[in-house]
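Me: I would like to go through this protein and ask what lies behind the terms used for it. Please set each value against its definition.

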Amino acid sequence: MNKGLLSDARDGLSRRDLLLVAGTAAATIASYSNGAKSASQPDAFSIKEVKQDEDIFTYISRMKGGFEPTLYQQVIGAANEFKEGDQAIGVGADNDATRRNARILLTNTKLADLYARPLFQDDLQQLIWQTTDQVQYEKVKDWTMGELKEFLLAKPEDEIRGVMNGLTSDTIGCVPKLMSNEELVSVSRKIFNAMPGTKLGAKGYMGARIQPNSPTDHPDDIIWQVFDAFSYATGDIVIGTNPVDSTVNSVATVERALKDVVDTFKLQDVIPWCVLSHIDVQAEVGDSFPKTVSTMFQSLAGTDDCNKIFDITIDKILKYARAKKGQRYGLYFETGQGSEFTNGAANGVDMMVLESRKYGFSRAVGLELAKVQPKGAWLHVNDVAGFIGPEVFKSRDQLVRCCLEDLVMGKLHGLTIGLDICTTLHMTVSLDDLDWCQDQIMPANPAYLIALPTKNDPMLSYLTTSFQDHVRLREKFGFRVNDAIWDFYKRLGVVGKDNRYTANYGNPLWVYFQYRLAKGDKRSREQVYAEGRQKMREIEKRGVDIATGHGRNRWDLNQTLSTKVKGLYEDAKQSLWTEFTPEFIAGIPDAVSVHTQSRDRNDYIAHPMSGEMLNAEGMRDVERLRDAWGEDVPQGQIVISDGLNAKAIMDDGHLAPYLEEMRRLLATSGVTMSNKNIVVTSGRVRAGYRIGELLFERANPNSFRGILHIIGERPGTMHHAYSVYITVAKGKRWSEKDIDHDITRLVSNVADTALPPNEAARETLTIIREIVGRNVNGSRRYGE
């Protein structure tokens with residue numbers, strides 16, 4: 001899920017950054033132009049009636065007198081099960097009757113007609129066409145979508161494999177629209193695409209990506225979570241951590257730590273590792289620190305426009321695939337429904353079809369990898385369902401539906417596909433709901449799930465699957481993990497020869513002791529354990545939990561940790577609904593208080609776009625500030641927003657130290673700043689962009705102006721952390737009113753218990769210097 005990226009002026013935020021931005025502070029609900037975005041919601045789409053045997057194209061012709069692309073997109077989108085994200089861009093059905101009518105039209109439509117009329121044309125769509133097997137396509141082109149559905153439900157895997165590579169991504173993206181949850185499970189449970197030479201993704205196997213995230217990227221936090229995973233016999237497809245700081249040196253440090261664990265346990269041919277920074281950063285790490293990079297990660301989008309925001313192109317990703325020539329491990333992609341519309345780049349296409357196009361992109365890359373990898377293409381995809389928030393969908397039933405849809409689409413593309421069955425704290429999915437969701441989804445047999453010590457990610461502040469969940473699901477559904485890693489768990493002493501867990505189950509100290517022994521450490525178990533306990537105490541103080549033992553059931557958290565996780569969950573819910581108090585705003589020096597178009601907190605959470613534009617009075621206040629400057633336009637403005645966690649800003653020792661140090665550093669560096677602090681109630685990240693466009697539209701077109709936007713992050717950890725979004729551009733760019741995430745840098749996890757505010761201020765200044773002057777000492781390069 002590459003969050004908290006810090007990058008230089010040539011790169012923007014990468015996917016999980018953008019999803020985090022979307023989920024916490026910046027989701028845009030529709031495309032926009034010239035910086036003028038309306039907070040109004042599109043009308044739901046309606047189909048009153050259809051004629052007998054009518055297909056999509058005859059219906060459009062009857063309604064419009066010929067083909068009309070917008071209506072085409074609406075009919076396709078209306079066939080989906082209800083999700084807020086489709087409604088947001090105007091392609092969602094207004095009711096079940098419209099949904100049924102749209103499905104009737106789609107059922108009667110021929111694959112060849114869908115092929116001839118792509119929902120949206122760009123280079124990615126062309127790549128998918130070019131890599132669709134034409135021989136297999138000829139077998140199915142005259143089928144209707146209804147016939148394709150019945151074929152998939154009735155036929156065995158070998159017959160499905162005879163046609164599935166001939167299906168375009170748009171066609172595959174339409175298949176789940178016609179299926180019930182039970183039918184999706186039926187199809188998913190008979191298609192398996194195992195990784196070459198492994199059981200990863202094979203029938204009856206369900207593995208794990210260990211996600212050892214740390215709010216400070218501390219190597220001990222990370223490797224001890226790996227030890228913890230091993231103690232629960234969990235983890236087999238990849239060890240992948242999401243970095244807070246994606247500088248080359250920081251990423252290299254984490255890569256080396258993960259490599260050390262893998263090398264020490266002699267697992268080089270069993271499990272790869274990965275730091276989920278932007279792929280360009282990983283490439284530079286590989287160049288600067290040879291043999292530290294294993295599997296390479298990148299997030300994908302379903303349109304060229306959104307991939308541009310992720311700072312990737314088709315050519316770039318194919319180049320990285322070719323660079324894997326002769327290597328054991330290849331590429332790892334993450335996707336998720338909704339990332340395009342939350343970034344204003346859906347181009348009118350529904351979320352499910354765009355998700356399918358990401359899988360088509362992945363399939364094309366897999367074909368390229370297969371040409372250069374001697375043991376077969378090592379490529380897998382993690383579908384991050386539920387990470388963005390309620391603007392995409394909000395209920396547990398929708399989460400289950402999304403996961404089942406994505407599994408079928410991914411498997412029909414021939415992919416090894418896993419899931420992040422997850423939820424944000426501002427959705428209506430609880431800790432207990434996640435267990436229910438897992439049970440509904442597991443019969444579809446995903447290749448793997450995310451795994452961390454508790455359901456609560458200590459850095460990303462969202463809920464997903466724990467190590468213990470894996471234990472429960474393996475027992476309940478009879479799933480196995482990859483044979484090679486299971487053999488390792490036996491050698492480790494966590495699993496016995498009888499395949500039962502040993503007394504070392506749930507004891508990361510035992511794993512650490514084995515690690516030290518493998519390092520040649522001659523100390524006694526008691527000495528190593530004492531050292532390990534001290535490390536675990538230090539890790540916990542940094543806000544990272546290490547699970548030990550179990551509760552009443554083998555798959556339950558121990559009681560102390562269970563109580564703590566529930567407490568964090570309750571605090572997150574309180575933080576989510578907390579607003580800036582008048583007293584707090586009054587205590588901010590020289591505050592200019594403004595509001596967005598959100599009517600209240602509920603509107604802000606339910607309709608993210610309403611928090612991206614100031615209301616009329618707020619715009620007038622900002623314009624008055626600008627006009628007061630006259631010709632003496634300062635170089636920067638500080639903006640402070642509540643985001644999804646006003647507590648992160650209001651907690652003692654959070655905002656004031658950052659403001660004081662930041663203003664001191666900027667003054668010392670000769671940067672002129674506005675003496676006012678603009679305080680935004682119900683503000684998201686893009687509200688800062690709009691403020692900057694108002695303030696700097698008349699600035700010297702060739703000189704730099706910047707916004708430092710301080711905003712509360714997602715609640716859910718002990719830290720109550722905030723982020724600083726750094727947007728620096730020349731006056732000409734501000735006047736064009738098209739500022740967005742692609743030029744923004746980020747300092748994240750700022751709190752008195754995480755990244756100290758004073759250090760965050762110094763990091764902010766470093767990034768500003770890098771943007772303005774590419775060749776400063778210590779400059780970081782990200783990308784080409």
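Reply: What follows is a set of questions and answers on a predicted model.

Me: How do you know that the protein agrees with a compact globule?
Reply: For 784 residues, the globule rule puts the radius of gyration near 28 Å; the protein has 26 Å, so the two agree. The C-alpha trace spans about 85 × 70 × 45 Å along its principal axes. The chain forms 34 helices and 16 strands.

Me: What share of the residues in the protein is buried?
Reply: Buried residues account for 65% of the 784; the term requires a relative accessible area under 20%. The accessible surface comes to about 26500 Å², and 48% of that belongs to carbon and sulfur atoms.

Me: Why is arginine 500 called exposed?
Reply: Exposed means over 50% relative accessible area. Arginine 500 has 60%, so the term applies. This arginine is found in the loop between α23 (483–492) and α24 (508–518). Lysine 490 is 10 residues away from arginine 500 in sequence, and their C-alpha atoms are 9.5 Å apart.

Me: What makes strand β5 (residues 331–335) mostly covered?
Reply: The count does: 5 of its 5 residues are buried, and buried means under 20% relative accessible area. Leu331, Phe333 and Thr335 point one way from β5, Tyr332 and Glu334 point the other way, and all are buried. In a regular strand, side chains alternate between the two faces of the sheet.

Me: How do you know that β5 pairs with strand β4 (residues 296–299) and with strand β6 (residues 379–385)?
Reply: Pairing takes at least two bridges. β4 and β5 are joined by 4 bridges and run parallel, with glutamine 298 opposite phenylalanine 333. β5 and β6 have 5 bridges, also in the parallel sense, and glutamate 334 has asparagine 382 of β6 as its bridge partner. Both pairings therefore meet the cut-off of at least two bridges.

Me: What makes β11 (591–595) and β16 (744–750) edge strands?
Reply: The sheet is open, has 6 strands in the order β11-β13-β12-β14-β15-β16, and its pairing is mixed. β11 and β16 each pair on one side only, and that makes them the edge strands. Neighbouring strands of this sheet are turned by 20 degrees against each other on average, direction ignored.

Me: How many bridges join strand β12 (residues 636–641) to strand β13 (residues 673–681)?
Reply: There are 5, and the two strands run parallel. Isoleucine 640 stands opposite valine 679 in β13. The cut-off for pairing is at least two bridges, so β12 and β13 count as paired.

Conventions. Residues numbered from 1 in each chain as written. Predicted model: local features only at pLDDT ≥ 70, side-chain atom pairs only at ≥ 80, totals over all residues. Heavy atoms only, no water. Rg over C-alpha atoms; globule rule 2.2 N^0.38 Å. Buried < 20%, exposed > 50% of the residue type's maximum accessible area, 1.4 Å probe, protein only. Areas by Shrake-Rupley, 256 points an atom, 1.4 Å probe, with all protein chains shown as cover. Axes fitted to C-alpha atoms, helices over the stretch in contact; angles between N-to-C directions.
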